[in-house]
Amino acid sequence: MSEPMNRDVHEANRRSWNAATAAHNSHKRDQADFLRRGGSTLFPEELGLLGNIAGRRLVHLQCNAGQDTLSLARLGATVTGVDISDEAIEFARKLSADTGIPATFHRADVYDWLDAARQRREQFDIVFCSYGCVCWLSDLDRWAAGISAVLVPGGRIVAVDFHPVALMFDEHLNLAFPYFGKGEPLQWGEGVSDYVAASGPAMTPSGYQEGVQSFKNPHAAYEFQWHLGAILTALLRSGLRIDQFCEYPFFNAAKLYNDMREEGRRMYPPDRVPSFPLMFGVVAAKPDSNKA
Ligand SMILES: C[S@@+](CC[C@H](N)C(=O)[O-])C[C@H]1O[C@@H](n2cnc3c(N)ncnc32)[C@H](O)[C@@H]1O
C-alpha cells in the first residue's frame, strides 16, 4: 500500500493529541463510575443516524480516549476503536478494563489501520467517526476507499462532524480560514488546545473537575480544511451511496466561539449572528448487489 500523504504531519498531530488528551481527561470526573452506572457520552444526533446497533460489528475511527466507543458497546455493538494517540488508547483500554465494558482498541494511524484491516479481510457493519475527525485527514479519497473496503455489503459509515463552514471562523466569529483548503495543512503553532476546559460541564457528562490549569501544548498541530463537496465526493468515488445528509445550527458541547448561547448541551452562536451550519451528519452505505 502507498504511504499516506503527510505522515510527518500525522506524527506531529499524534504528539499534540497525546499532550491534549491528558489535559482533557484531567477535567472529567470518575469516568469509569459514570459509564458503570449506565452513563453515555453520545448525543441524540449520532444516536439517531446510527439507529439500532445491537449485534453489529462497529469500528470507531479516531476514537480518542474511548468514551464514545464504550458507550456504543453498551448499546450492544461489538466495538473496535482506532486512534493515533498513545495517551488516548492507553486511557481507553484502562477505561474498558475499569468498567468491564468489552472493546478492542488499536493505536494506529487511521490509514495504516484501514490498510491492515483490508489485508486481514476484516469486515464491519458500521464505521463511525465524530466531532473532529475529517479535519485531521490528509487524504480524503484514500480514507473513503479504506472505509468502503472494510464495510460489508449493506454496511454503512455514520459520521457527525464540525461543518466546514463553521471551521472558517475564529473564536471571535471573524472569517479567518479558507473554505476551500485544497488539502494544504493549516498549522496551529499552539497545538491542540484544552477545549474541554473552555467548554466546561457541557463536555464532561461525568462531572467537571478543575484538573490541569492553563494548559499549554508544547506540540504544534496541523489540520485540513476540507469542503463539503470534497468530503461527499470522496465517499461517492469510493462506491458508497449517500443515504442521509443533515446540517445542524449548533455544536454539541463544544464552545468553539466566544459568547456562545447554551441550550442544554447545545452551543449556538450569539443571537446577533444569523444562523449558519455548525455540524453535519452523513450516512453512506456500501451497496449490496444481492439486494439490487
Ligand atoms: C477531536 S478527537 C475525536 C473525538 C472522538 N470522536 C471521541 O469520541 O472523543 C480527534 C482524534 O483524531 C485522532 N487522530 C488525528 N489524526 C489521526 C490519524 N491520522 N489517525 C488516527 N487518529 C487520528 C486524534 O488522536 C484524536 O483522538
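**Burial and overall form**

I looked up burial first: buried residues make up 45% of the 292 residues in the protein. I note that this is a predicted model. I counted nine helices and 12 strands. For 292 residues, a compact globule would have a radius of gyration near 19 Å; I find 18 Å for the protein, which agrees. Along the principal axes, the C-alpha atoms fill a box of roughly 55 × 45 × 35 Å. I then checked the contacts with a separation of 6 or more, and 80% of them join residues 24 or more positions apart.

**Helix α7**

I went through α7, residues 140-150, for burial. Eight of its 11 residues are buried, so the helix is largely enclosed by the rest of the structure. I list the buried ones as L140, R142, W143, A144, G146, I147, S148 and V150. What covers these residues? I find that the cover includes the strands β1 (57-61), β4 (124-130) and β5 (151-162), along with the helices α6 (110-119) and α9 (228-237).

**α1 against α5**

I describe two packed helices by the angle between their axes and the distance between the axes. For α1 and α5 (residues 86-99), I read an angle of about 40° and axes 7 Å apart. The two helices are therefore oblique to each other. On the α1 side the contact is made by W17, N18, T21, A22 and N25, and on the α5 side by D86, E87, A88 and F91. I sorted the residues of this contact into four nonpolar, three polar and two charged.

**Ligand shell**

I find 18 residues around the ligand, and the closest are W17, Q62, N64, I84 and G132. Helix α1, residues 7-26, gives the largest share of the shell, with three residues. W17 is also among the α1 residues that make the contact with α5. By class, the shell divides into eight nonpolar, seven polar and three charged residues.

**Positive phi**

Most residues other than glycine have a negative phi. I noted R121 and Y131 against that background. Phi of R121 is near 55°, and phi of Y131 is about 45°. R121 lies in the loop between α6 and β4, whereas Y131 is in the loop between β4 and α7.

Is R121 buried or exposed? I count 8 C-beta neighbours inside 10 Å, so R121 is exposed. For Y131 I count 20 C-beta neighbours inside 10 Å, so Y131 is buried; the cut-off for buried is 20 or more.

Technical notes
Residues numbered from 1 in each chain as written. Predicted model: local features only at pLDDT ≥ 70, side-chain atom pairs only at ≥ 80, totals over all residues. Near = placed C-beta within 6 Å. Helix = DSSP H or I, 4+ residues; strand = E, 2+ residues; numbered from the N terminus. Nonpolar A, V, L, I, M, F, W, Y, C, P; charged D, E, K, R; others polar. Axes fitted to C-alpha atoms, helices over the stretch in contact; angles between N-to-C directions. Parallel < 35°, antiparallel > 145°, perpendicular 65-115°, else oblique. Contact = placed C-beta atoms within 7 Å. Buried ≥ 20, exposed ≤ 12 C-beta atoms within 10 Å, placed from the backbone. Rg over C-alpha atoms; globule rule 2.2 N^0.38 Å.
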